[in-house]
Amino acid sequence: MNLLRFLLTLVLLAPIAAPLRAAQAQTASCQTIVSADQANRQWYPAQPLPQSTAINATARLLDELTAIANAPANFDESIRLRLFQLLVSNPNARPPESPTIAEVEQALQNLPPAQTRQFVAAFDRLASKIENLTNEPNQDVLIANLAKYYQQLGQGKQVAALLDRALESELKKPVNQRRFVVLLTAAIDLGQSAALAARLPKIESTIAATNPTLVLRLAQAYQATGNHAKALALFDRFAKGQNPEKLQPELVVGYVKLNRLDKAKPYLEAILKGYIHFEDHIYGNVIAIYENAKQPQIADQLFNKSWKSIQNELLDQETPFLQNYFKAGGSPDRVFKALQKDTLDRRFDHLLTVAGEFRKRNQSRNASQAIEQWIKVATQLKNRDVAYLFWQMGEHDYDSEVKVAMTRLIPLNRIDAKGFRLVPLAQKLDLLEAVEPVIQRLLKSDPEARIDLLQQLAIAYAETAKPEKAVAIAERIPRKYPGYSPAIATLAQVAATLHRNGQPAQAQAILTKTATIAAGIQELDTRAQAYGAIAIAQGQMAQLDAAEASRQLAVQWAKTAPASNAVLGAIVQQFLNQQQLLPAWSTFQTIPTTALKETNIDNLIIAALAVGDLSTAQSAIALVAQYHPPRSLLFTAPRLVRAYLGRGQGQAAVVLLDRAAKVWMSLPASERSPDDLEAIVQLYAQTGKITSAQTLIDQYPNAQQPGYAQRKQQLQAHLDCYRSGR
């Protein structure tokens, strides 16, 4: 784990992201409760997003960053929470991303130049906003992460300037040593210590530096700037406050870099005698430092002890350890030799990494040997997802090894067509034609998976400027189920992809061909959904009049089809899947009211809120209240209320809450959910309707039972915070 990420995991974030349930705990302060309530409001987007923005994830992210930059001088809790999610962590991330990877960090991967410039401009505005925040406890963390993203986009000057301004600002404030630690750690991690060299003496003289970690960071920063005398003095100062028997890997690294092996010795001995925790990846740096100092015996001892410690059957701690080791200049030969005595699984995990490190050091013969060994292991282990490993390796600049290995394994039938993100991986490595036969072989064993993969393959060919291949693949995709044509949907998306990538003539030709095919489909339900797919593509190509004409054709054919209302509902969902709310709502309104009892309306409401169209959401909720069972309103109403509160529309929130409360009270006792009641009470409290909230609390179901009694007590405490105005 690098220094910055380690520090960020220690930052106290409760004021920003305290979960609503946790905020109800009896020990929680009223300020925490109120902050958590505010954080759950939906403030963005303040106005309905245009379709061109809504349908593009990157455009939506840029728009949201701009909205934050344009927000009032001091953020409310909902904006603070969202800013933190965007820049620091994304709790909804799924493998292979770590749950701590931020949304911006994910979006910046492989950006085209035009979007790179847009993000840099957005970061410039956002930096100014963050720097001018007052009473923001995580300002330093936000700045450190923004600096990392500047660096990711190759904007080294902005990185140095941002961190320099942040340190200058901190020097003018009451001393907060933790913030200096975060900012100096960012500078060290991002290689910007030299640019901040002039600030270091001022930091040292201005603050008492009683925080040992700050002393250590100052020493490391001085060391990075070449001021070895000052670095040594600060390392000594840090060492005076430490127990020599306590493991101090960073101190060892500092001393050995300064060629003071004598000073490092007592801490080295403690490491060799003590327990190395499997998450302490910095020991990879320690090993490399001793290798570079020509101390092979010590390096051997450290490596053997660390390698044994980090091996864990459930968590992959070896990969980050090795990345630290190699980044610090560690020898791939040492790891290669260790793997010869290790398990097949461990060799599968790391031999290609070793090959990549040999290649980076111009040791081509050793690299080839490591790849050959990996190929043998991969053919022996049939239960490991090769594609997943390849994706992990691609994150660390080993694409050339991955491409060689993948090319070798395909003829051996060792690549699983359903492996993790196989088509995007093949696209990245220019191996689409190589994996195509692998996908085609799924015809008998898994036809549905084959259809999905062929769709991905056709789009990938379109994205790599091979429209003929894309069309040839798309045209042959069979039906997944009778009422829907994946071939039509894929051809339409091939056209939209080509248009987006600057090939409008070819895109239009394919779209025209797609419409001709759609017109000849005999099944009316399939024809209707085919025109819906064409309308979606035309909307993505900004051909709004043509898109509306295709949508109307879709509706026309749907109304003549058997089970017409179900077909109309399917077309609505087609549009919603692509964030095209307006055509979805227009199509939804063609469904007869007699069929609304069986029609999903919730997805329409959720989509409307996501693009900021509160008017459509309100109209749809009115239909839920009229045509769906009472409990349905209790699911959707709080979502719209939070959006009203995020925009300061308190009166509209109260009207909807009154309706929800009335519905809850009208339910039979056995159907009254405490969860629904708690949501209404908490939102009532935020609108100042204390009496209405109390009336509901007094009706808390099963309040005599211990578990429910405690929940009622917590809810009462929640309301009392608002009653007292605390």
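Is Trp307 buried or exposed? Trp307 is buried, with a relative accessible area of 6%; buried denotes under 20% relative accessible area, exposed over 50%, and partly exposed the range in between, with a 1.4 Å probe and protein chains only.

The model is predicted, so that local features need pLDDT of at least 70 and side-chain atom pairs count only at pLDDT 80 or more, while totals for chains, interfaces and linings use all residues. Residues are numbered from 1 along each chain as its sequence is written, and side-chain values use heavy atoms, with hydrogens and water left out.

1. Aromatic pairs. The structure holds 14 aromatic pairs. Rings of Phe, Tyr and Trp (its six-membered ring) pair if their centres lie within 6.5 Å; planes under 30 degrees apart count as stacked, over 60 as edge-to-face, and the rest as tilted. Phe303 and Trp307 form a stacked pair, at 5.7 Å centre to centre with 15° between the planes. These two residues are 4 residues apart in helix α19 (residues 296–310), and therefore about one helical turn separates them. Helices are DSSP runs of H or I with at least four residues, numbered from the N terminus. Phe303 is buried, at a relative accessible area of 2%.

2. Phe321 is buried, at 0% relative accessibility. One aromatic cluster is formed by Phe303, Trp307, Phe321, Tyr325 and Phe326.

3. The disulfide. A search of the whole structure finds 1 disulfide, the term being applied to a pair of cysteine sulfur atoms within 2.5 Å. Cys30 and Cys721 form it, with their sulfur atoms 2.0 Å apart. The link is left-handed, with -75° about the S-S bond. It connects distant parts of the chain: Cys30 lies in helix α4 (residues 30–39) and Cys721 in helix α43 (residues 706–724), 691 residues apart. Both cysteines are buried, Cys30 with a relative accessible area of 13% and Cys721 with 3%.

4. Glu475 forms a salt bridge with Lys513, the closest N and O atoms being 2.5 Å apart. That pair links helix α30 (residues 467–475), which holds Glu475, to helix α32 (residues 504–519), which holds Lys513, across 38 residues. Glu475 is partly exposed at 36% relative accessible area, as is Lys513 at 38%.

5. Arg711 and Glu678 form a salt bridge, their closest N and O atoms being 3.0 Å apart. Arg711 lies in helix α43 and Glu678 in helix α41 (residues 674–687), so the pair ties together parts that are 33 residues apart in sequence. Arg711 is partly exposed, with a relative accessible area of 23%, whereas Glu678 is buried, at 4%. Elsewhere, salt bridges that share partners join Asp164, Glu168, Lys172 and Arg199 into one network.

6. The side chains of Glu548 and Arg551 meet in a salt bridge at 2.9 Å, N to O. Both residues lie in helix α34 (residues 544–560), 3 residues apart, about one turn of the helix. Glu548 counts as partly exposed at 30% relative accessibility, and Arg551 as buried at 8%.

7. The surroundings of Ala535. Ala535 belongs to helix α33 (residues 524–540) and is buried, at 2% relative accessibility. Leaving aside residues up to four places away in sequence, Ala535 touches Ala547, Ser550, Arg551, Phe575 and Gln580, contact meaning heavy atoms within 4.5 Å.

8. Arginine over tryptophan. Arg421 lies over the face of Trp391, at 4.6 Å from the ring centre, and Arg527 over the face of Trp557, at 4.1 Å. A charge sits over a ring if NZ of Lys or CZ of Arg is within 6 Å of the ring centre and within 35 degrees of the ring normal.

Conventions: Salt bridge = Lys/Arg side-chain N within 4 Å of Asp/Glu carboxyl O.
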